[in-house]
Amino acid sequence: MSLETLCQICESAPAAYQCRRCGALVCPAHYDEETGLCTDCAAAVP
Ligand SMILES: [Zn+2]
Ligand SMILES: [Zn+2]
């Protein structure tokens, strides 16, 4: 077992950020630092 939390979007990279909208833990590739959102939420917000 790994102690690292995996990105909830790709489930292959360690999560380094938390989306401020849905709370998902995501890796840098799936996080938008400008908005503080995961890529799922960033795509849903104008
Ligand atoms: Zn990811
Ligand atoms: Zn999100």
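Me: Hello! Let's start with one residue: is cysteine 41 buried or exposed?
Reply: In this predicted model, cysteine 41 has a relative accessibility of 4%. Buried means under 20% relative accessible area, exposed over 50% and partly exposed in between, using a 1.4 Å probe and protein chains only. At 4%, cysteine 41 therefore counts as buried.

Me: Before we go on, what kind of model is this?
Reply: Residues are numbered from 1 along each chain as its sequence is written, chains are lettered from A and ligands numbered from 1 in the order in which they are written, and side-chain values use heavy atoms, leaving out hydrogens and water. Local features need pLDDT of at least 70, side-chain atom pairs count only at pLDDT 80 or more, and totals for chains, interfaces and linings use all residues, this being a predicted model.

Me: Which geometry does the site of the zinc ion (ligand 2) have?
Reply: Its protein donors (N, O and S atoms within 2.8 Å of the metal, or 3.2 Å for Na, K and Ca; water is not among the atoms, so sites may look incomplete) are the SG atoms of Cys19, Cys22, Cys38 and Cys41, at 2.2 to 2.4 Å. Four donors count as tetrahedral if all angles lie between 85 and 135 degrees; four count as square planar and six as octahedral if opposite donors are over 155 degrees apart and all others between 65 and 115; anything else is irregular. The angles among the four donor atoms here are 104 to 114°, and the site is tetrahedral.

Me: How many residues apart are cysteine 22 and cysteine 41?
Reply: The donors of this zinc ion (ligand 2) follow the spacing C-x2-C-x15-C-x2-C. Cysteine 22 sits in the loop between strand 1 (17–18) and strand 2 (25–26), whereas cysteine 41 belongs to helix 1 (residues 39–44). Helices (H or I, at least four residues) and strands (E, at least two) are DSSP runs, numbered from the N terminus. The pair links distant parts of the chain, at a separation of 19 residues.

Me: What is the arrangement around the zinc ion (ligand 1)?
Reply: This ion is coordinated by Cys7 (SG), Cys10 (SG), Cys27 (SG) and His30 (ND1), at 2.0 to 2.3 Å. The ideal angle for four tetrahedral donors is 109.5 degrees. Around the zinc ion (ligand 1) the four donor atoms subtend 98 to 117°, so the arrangement is tetrahedral.

Me: Is histidine 30 buried or exposed?
Reply: Histidine 30 lies in the loop between strand 2 and strand 3. Contact means heavy atoms within 4.5 Å, and beyond its neighbours within four places in sequence histidine 30 touches Cys7, Ile9, Cys10, Leu37, Cys38 and Thr39. With a relative accessibility of 19%, histidine 30 counts as buried.

Me: How many residues make up the largest nonpolar core?
Reply: A nonpolar core is a set of buried Ala, Val, Leu, Ile, Met, Phe, Trp, Tyr and Cys residues joined through side-chain atoms within 4.5 Å. Among the members of the largest one are Cys7, Cys19, Cys27, Cys38 and Cys41, along with Val26 and Leu37. Cysteine 19 has 3% relative accessibility, so it counts as buried. The number of residues in this core is ten.

Me: How many disulfides are there?
Reply: A disulfide is a pair of cysteine sulfur atoms within 2.5 Å. Searching the whole structure, the number found is zero.

Me: In what order do the elements of the protein chain run?
Reply: The protein chain has one helix and four strands. From the N terminus on, the order is β-β-β-β-α.
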